[in-house]
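Hi everyone, thanks for coming.

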4 protein chains.
Amino acid sequence: MGDAQVLGEFASPWRDPADRAAEREAKRAAVLRVAAEMFVARGYGRTKLADVASRLKTTKAALYTYFESKEAILVECYRLGDLAVREGVASAETTAGAGLEKVQRFIRCYCEVMTTTFGKCLNRIDDRELSPGARELVRGYKRDVDQLVRRLIALGVADGSIRPCDVRTATFLVEGAINWIGFWYDPNGPSGPAEIGERFVSLLSDGLAARK
Amino acid sequence: MGDAQVLGEFASPWRDPADRAAEREAKRAAVLRVAAEMFVARGYGRTKLADVASRLKTTKAALYTYFESKEAILVECYRLGDLAVREGVASAETTAGAGLEKVQRFIRCYCEVMTTTFGKCLNRIDDRELSPGARELVRGYKRDVDQLVRRLIALGVADGSIRPCDVRTATFLVEGAINWIGFWYDPNGPSGPAEIGERFVSLLSDGLAARK
Amino acid sequence: MGDAQVLGEFASPWRDPADRAAEREAKRAAVLRVAAEMFVARGYGRTKLADVASRLKTTKAALYTYFESKEAILVECYRLGDLAVREGVASAETTAGAGLEKVQRFIRCYCEVMTTTFGKCLNRIDDRELSPGARELVRGYKRDVDQLVRRLIALGVADGSIRPCDVRTATFLVEGAINWIGFWYDPNGPSGPAEIGERFVSLLSDGLAARK
Amino acid sequence: MGDAQVLGEFASPWRDPADRAAEREAKRAAVLRVAAEMFVARGYGRTKLADVASRLKTTKAALYTYFESKEAILVECYRLGDLAVREGVASAETTAGAGLEKVQRFIRCYCEVMTTTFGKCLNRIDDRELSPGARELVRGYKRDVDQLVRRLIALGVADGSIRPCDVRTATFLVEGAINWIGFWYDPNGPSGPAEIGERFVSLLSDGLAARK
DNA sequence: TATGAATGAGCTTTCATTCAT
DNA sequence: AATGAATGAAAGCTCATTCAT
């Protein structure tokens, strides 16, 4: 029997440290979400912390409790986007089947990520806005993904499921096509993320040309 | 026999009015070129007119002789990029053959444009940096091209040279893949504009998948 | 007996919120006063915010905590001047007696206002320095006063206490004579505001000419 | 018999030096007139030489052929205004009759001057816009006139035609009332300069109050 | 005499960040 | 943890003036 039964429950004006931590985490997440949306909608440079704060019904200075700088917020946005992409890559890598099938799995996942706010951050926010240090970090993320995709395509070429082609160029083409989704995707538009993914798989796998 | 032979040629210290105009034009073009390069390299917001000026060995104020504002420079960059794209579109439209062939022609042209400085401006510089008026102008450019590409693809679908597909999605895919070239193309890299164009034509027409 | 006696008074390092607000108000007022003085002394255009700030031992940017722009400071100066004038007008309107007596009351009040800093702003600072919107606001102030004075004079003409005359011209004459005080009044000069008021009442009522 | 008859008249492409000088003078006068109008209409600080030039269908640089600086143009405007005032003063001084009559004569003249462009310059353009040197010059003009008017009024007081009053205050009152004309006079308004002058004479001489 | 171009000095405003409370 | 206030470091733009032609 715990103390609770002996002493009775009551609402302490001091919150549980766990509550505290959870609340802090929730607020931090809210900052990120709102900031990411505004960065995507207006661009990083034109988003003022004062606006982010006012959308959160708080003050500029309060944001510094959760992030050490505006740039740190952006870096975290990139990190979350990257995290989602890596999941897709991982699931692609573990997909059974030939290289082409792994690539197709990647395409599906990557398309979905590009319709999310943090996914859009990866490509819609110009990493040249960052300081050199942060820029290198972010470019590292992108380079990693790039390498992984190249590997998948090379695999497909090797196993004959993908036509012989310049792997570097093919990688850029696939990534570019999908990255661009972040610029045109509209959640209220005619097709949802999954449908877009299927169409991209089909078009990228089989091309535009009709088979004779 | 003219006076020249009698009097002898000499270099007048007064320049021809035509020379004057040509010099002005040359300077204006230099401003544009340098500014476009810096906008692409650093982003518009982070490019300071003072830096542009100093690269041109002149002063900030002198730039205002040629352009009425920083934004006007950017708008002109967009315009020049758009101009090049439209030429490509026009040549695609007049290409003989089925829809697919026209689209292929467009791909080749558009790829080349995206390796040029002004072409890169179209996609690498965020149009949200612009004032509402200018933004609408620039978005109009992009919308136009979009419509034209959709038309070409729809034509191909209609004449059977392109597989039945969602025209809107296919257009975004093709444009996105090519737009992205502006982000990775390196003039000192392994492949030149024409080669990239050929590879894009092949990959976009026939897809990644090997034919069984 | 309250706690104070038990615990003893002490100076808290935390200031009362009311103090806070009062301090803010005091600072805002100080900005206005210093700015108004400098606007009157040097002209609006030639007064630099940096100078205003340095006279207040603060920084340019700090001024923006209290006012959104240089123009907003000026508009507030005009408003305060106008406020004082309106009080005078109101007291003139409620003065018992014939129209002439009301006008005389107005003259006294208006003369006093014109010897104050904010009063001077009304006429010494050129309202053409303002943006169109603010200009209209300020001109509205002036028009209002003008109308009220015309009404008082017309009243006097109607009740026979003022000689028949062109009301519009008479209004301009009276206002002009008093407005001009702002250009010559010197607080260290031989006559104070009240004395000036009396002399103006006398001269404007009875004229220069000796009675035969 | 002159050469003309012997040699015949012809239109020389080289103009007469006198023509030259006359043309120069005409252009200089045009600059002054346009500048004065714009100074009065928009304020000195907000009038750009480029605008003055463009109204004259010439260039900014060309203005420097006629005046050494923007300030020099303004000083000349003041000088022309002052000249007109001095004529009025002179005619007042030579008017036969008592002091009051001289003052009345001055009022008439000064009213007329204040409806002219250069006259308006004297009061509508803030002399604080000038550099210290030029400012002293201009203030000298104004002081002179002031002294002269004081003298006239004192004369009237001495000869009994003007009521005993504080001469300094009376001078300021008269001048202020008239100076203000420059702020409200409208050439398309209901009364012309002469009529305004008569009304001012009447009001300033006999006052507002009805005689009992 | 006239001009197109260039310039330098200046000024308001913005905003991320810090600090005292 | 939160806030109101303060700050410094820009940066774009303006405009009278100068200069080469």
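Let's start with DNA strand F. There are 34 residues around DNA strand F, and those that come nearest are A:Ala61, A:Ala62, C:Ala61, C:Ala62 and D:Ser69. By "near" I mean that a residue's C-beta atom, placed from the backbone, lies within 6 Å of the strand.

Before I go on, some housekeeping. This is a predicted model, where local features need pLDDT of at least 70 and side-chain atom pairs count only at pLDDT 80 or more, while totals for chains, interfaces and linings use all residues. Residues are numbered from 1 along each chain as its sequence is written, and chains are lettered from A and ligands numbered from 1 in the order in which they are written.

Back to DNA strand F. Which helix gives the most to the surface near DNA strand F? That's helix α4 (residues 60–63) of chain A, with three residues. Helices here are DSSP runs of H or I with at least four residues, strands are runs of E with at least two, and both are numbered from the N terminus. By class, the surface near DNA strand F divides into 14 nonpolar, eight polar and twelve charged residues. For those classes, Ala, Val, Leu, Ile, Met, Phe, Trp, Tyr, Cys and Pro count as nonpolar, Asp, Glu, Lys and Arg as charged, and the others, Gly among them, as polar.

Now DNA strand E. Of the 35 residues around DNA strand E, the nearest are A:Ser69, B:Ala61, B:Ala62, D:Ala61 and D:Ala62. Helix α4 (residues 60–63) of chain D provides the largest share of that surface, three residues. The surface near DNA strand E has 14 nonpolar, eight polar and 13 charged residues.

Next, the protein chains. Chain A can be laid on chain B with an RMSD of 0.2 Å, using a turn of 179° and a shift of 0.1 Å along the axis. The two copies are thus related as by a two-fold rotation axis. The superposition is by least squares on the C-alpha atoms of residues with pLDDT of at least 70 in both copies.

How many residues does the contact take from chain A and from chain B? It takes 37 residues from chain A and 37 residues from chain B. Two residues are in contact if their C-beta atoms, placed from the backbone, lie within 7 Å. On the chain A side, α9(A) gives the largest share, eight residues. That side of chain A divides into 17 nonpolar, ten polar and ten charged residues. Also, 100% of the interface residues of chain A are interface residues in chain B too, so the copies meet through the same surface.

Chain D can likewise be laid on chain C, with an RMSD of 0.2 Å, a turn of 179° and a shift of 0.1 Å along the axis. Here 100% of the contact residues of chain D recur in chain C.

And which chains don't touch? Chain A and chain C share no contact, and their closest C-alpha atoms lie 14 Å apart. Chain A and chain D don't touch either, with their nearest C-alpha atoms 32 Å apart.

Last stop, inside chain A. Chain A is divided into domain 1 (13–67) and domain 2 (74–206), with bounds from an automatic or database domain assignment. The C-alpha centres of the two domains of chain A lie 28 Å apart. Eight residues of domain 1 of chain A are in contact with ten residues of domain 2 of chain A.
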